[in-house]
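Dear colleague,

My notes on it follow directly after.

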Amino acid sequence: MELKEIKIYRGNPLIMGATVIGTSVNFAITAKLGSKCELVLYEKGKEKETLRIPFENSQVIGKVFAMSITGLDYKKYDYNFAIDGEIVTDTYAKALTGKKQWGVVPKNLRGVIVKEDFDWQGDAPLCTPYNETIIYRMHVRGFTKHQSSKVKHKGTYMGIVDKIPYLKELGITMVELMPAYEFNEIESRPATSMKGQFSIESPTLNYWGYTNGYAFAPKASFAFTGEPGGEVEEFKYMVRELHKNGIEISMEFYFPAGTNPTMILDALRYWVMEYHIDGIHVNCEAAVMKMIQTDNILCTTKIFTYSFAADTDFYHRSNETRNLANFNDDFMVSARKFIKGDEDMLNTIAYKIKANPPGVTVVNYVANHNTFTLYDAVSYDKKYNEANGENNNDGAVYNYSWNCGAEGDTRKRKIMDLRKRQIKNALSLVLLSQGVPMIYAGDEMCNSQKGNNNPYCLDNEISWTNWNTTAIAKEILKFTKMLIRFRKAHKILHLSEEMRQMDYKSFGLPDMSYHGSKAWYADFSHFNRHFSVMYCGKYATVDCGEEEPDVFVAYNMFWETIKFGIPSARNKKEWKVAFSTDASFTEPEKIDRILDVPARSVMVLIAK
């Protein structure tokens with residue numbers, strides 16, 4: 001069968017994939033020198049090919065084959081390429097057929113020709129500065145798939161839209177998605193005979209998405225709509241609605257070793273330009289990261305990676321914007337060790353809560369997708385990954401966790417009270433530190449993975465976010481909301497520049513100072529497990545022009561009550577307790593020069 005009234009011209013080799021440009025469609029693909037390349041068209045809904053159009057020699061530049069077709073009613077057709085007779089699905093495809101059903105090997109995989117004409121209603125990047133950013137990290141499917149989510153569109157982009165009121169009430173300013181493009185969730189792996197309540201239905205499932213795939217296409221199985229290509233509009237609708245509510249969006253990408261750097265840069269640019277995402281999270285080799293961090297299109301996009309190179313300050317100064325951030329487990333490991341009472345942690349944690357470097361900021365968290373959840377970090381000493389089908393040999397062996405006296409679930413009131421306090425301590429460390437705080441979805445309501453720290457292959461209630469309504473979950477959620485409000489209300493807790501521990505503005509106090517059992521004397525000896533920090537609220541004028549009250553934070557991770565020395569409040573004010581992670585604490589009528597801080601707790605004072 002032949003298509004009538006189409007005309008074929010030399011295409012633009014700089015625009016890869018299939019791109020609608022006015023009344024034409026530009027098709028471009030790379031192949032080895034001397035290859036025979038053809039465009040293969042299929043009528044939608046039909047298995048057999050409709051037409052093959054060969055690329056002429058005049059349409060080849062280097063390794064790029066490019067043709068432009070006018071008169072093609074592209075809405076009626078899907079496409080592939082053929083290279084030396086072998087059918088190849090376009091790695092630059094903007095959408096794909098055959099990928100709608102989650103966890104199933106696709107049949108008739110083809111590219112969809114997408115016209116980029118979504119009504120953004122004037123949407124533009126929010127450009128929230130890092131020091132105002134609070135990240136909430138999630139898996140699109142897992143966030144609302146659990147029955148307890150009580151949303152209409154479970155496990156989808158629309159499910160996230162359903163939860164926007166919750167996200168706003170929580171107080172976060174950015175959601176970060178684990179890979180949500182067309183990754184191949186089915187991959188080859190030896191079969192397993194593992195059985196049990198949470199056994200893997202398909203041992204080849206990659207639930208997280210850190211595998212190969214099609215980096216330009218939103219994942220169709222994460223969309224509620226069933227229309228081919230409908231995931232494109234649904235993802236854009238989600239972004240637009242998040243932006244309307246003051247919430248940015250970032251997405252993580254995984255590129256296997258050997259991926260063409262040009263394609264990586266093309267993909268990241270495409271998502272920023274076409275989907276209006278505000279951040280990208282990517283880990284590539286140093287040379288590729290240098291391309292990304294110096295790119296003029298991405299210079300105002302938040303860029304997260306494991307660790308930027310040491311010379312990044314140079315690129316930051318040349319960029320004018322502060323858009324780079326290190327995203328790794330350093331803060332988490334230090335915080336967990338400090339919270340459970342390890343020796344010789346004071347110097348480290350004192351540095352971590354202050355860190356806010358000018359060239360590359362830091363993301364702080366106490367749990368992530370490949371660790372124990374926050375609840376499990378205070379409930380398990382060992383990992384329990386048997387459901388993964390690898391005989392518990394996968395996942396991190398050491399999680400810097402402490403079960404507080406009982407392994408796993410328990411009804412013992414004393415242990416549960418301690419766990420609640422430890423969770424609050426951990427959240428306080430994250431949200432009272434100067435870096436960018438990140439909460440892993442569900443940690444604010446005691447989500448548990450039953451001690452599994454690596455559920456990469458599980459698509460069930462272990463890996464899904466459990467929207468707990470238990471008493472402890474409600475208490476922790478309420479505390480998290482309060483803590484986020486407190487951070488936002490006190491600019492001194494998240495300044496745009498790193499504190500110097502000096503009175504460089506002659507305000508009468510250093511911007512930040514450390515204390516211990518004696519005021520103005522922090523003893524960071526290896527055997528101590530307590531210290532305090534005072535923030536001079538007048539330094540908030542550096543950012544917002546308004547003076548704030550001074551804030552005093554006491555950290556006591558010792559197993560007994562500790563007496564803290566309290567500096568005098570400025571301007572004849574008095575210290576008052578803002579909150580304590582120990583629910584049984586009773587505030588004294590007046591706080592003088594000494595304050596008793598209960599065992600394993602954080603206490604925050606405000607000068608009023």
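Within strand β8, D78 is the bridge partner of Y42. The model is a predicted one, and in it β8 runs antiparallel to strand β4 (residues 37-43), with 7 bridges joining the two. D78 also stands opposite V112 in β11; strand β11 (residues 110-112) is antiparallel to β8 and is joined to it by 2 bridges.

How many of the 7 residues of β8 are buried? The count is 7 of 7 for this strand, which spans residues 77-83. In a regular strand, side chains alternate between the two faces of the sheet. In β8, Y77, Y79, F81 and I83 point one way, while D78, N80 and A82 point the other way.

I also examined helix α5, which has 15 residues (261-275) and reaches 21 Å from its first C-alpha to its last, close to the 21 Å expected. At its start, a side-chain oxygen of N260 comes to within 2.8 Å of the backbone nitrogen of T262. Just after the helix, H276 takes a positive phi of about 60°. The buried residues of α5 include M263, L268 and W271. Among the elements that the buried residues of α5 pack against are β15 (213-218), α4 (230-244) and α6 (286-293).

Yours sincerely

Note on methods: Residues are numbered from 1 along each chain as its sequence is written. This is a predicted model: local features need pLDDT of at least 70, side-chain atom pairs count only at pLDDT 80 or more; totals for chains, interfaces and linings use all residues. Side-chain values use heavy atoms; hydrogens and water are left out. Helices (H or I, at least four residues) and strands (E, at least two) are DSSP runs, numbered from the N terminus. The expected span of a helix is 1.5 Å times one less than its number of residues. Buried means under 20% relative accessible area, exposed over 50%, partly exposed in between (1.4 Å probe, protein chains only). Contact means heavy atoms within 4.5 Å. A polar contact is a pair of N or O atoms within 3.5 Å; within protein, one must be able to donate a hydrogen and the other to accept it, and residues adjacent in sequence count only if both atoms are side-chain atoms. Two strands pair if DSSP finds at least two bridges between them.
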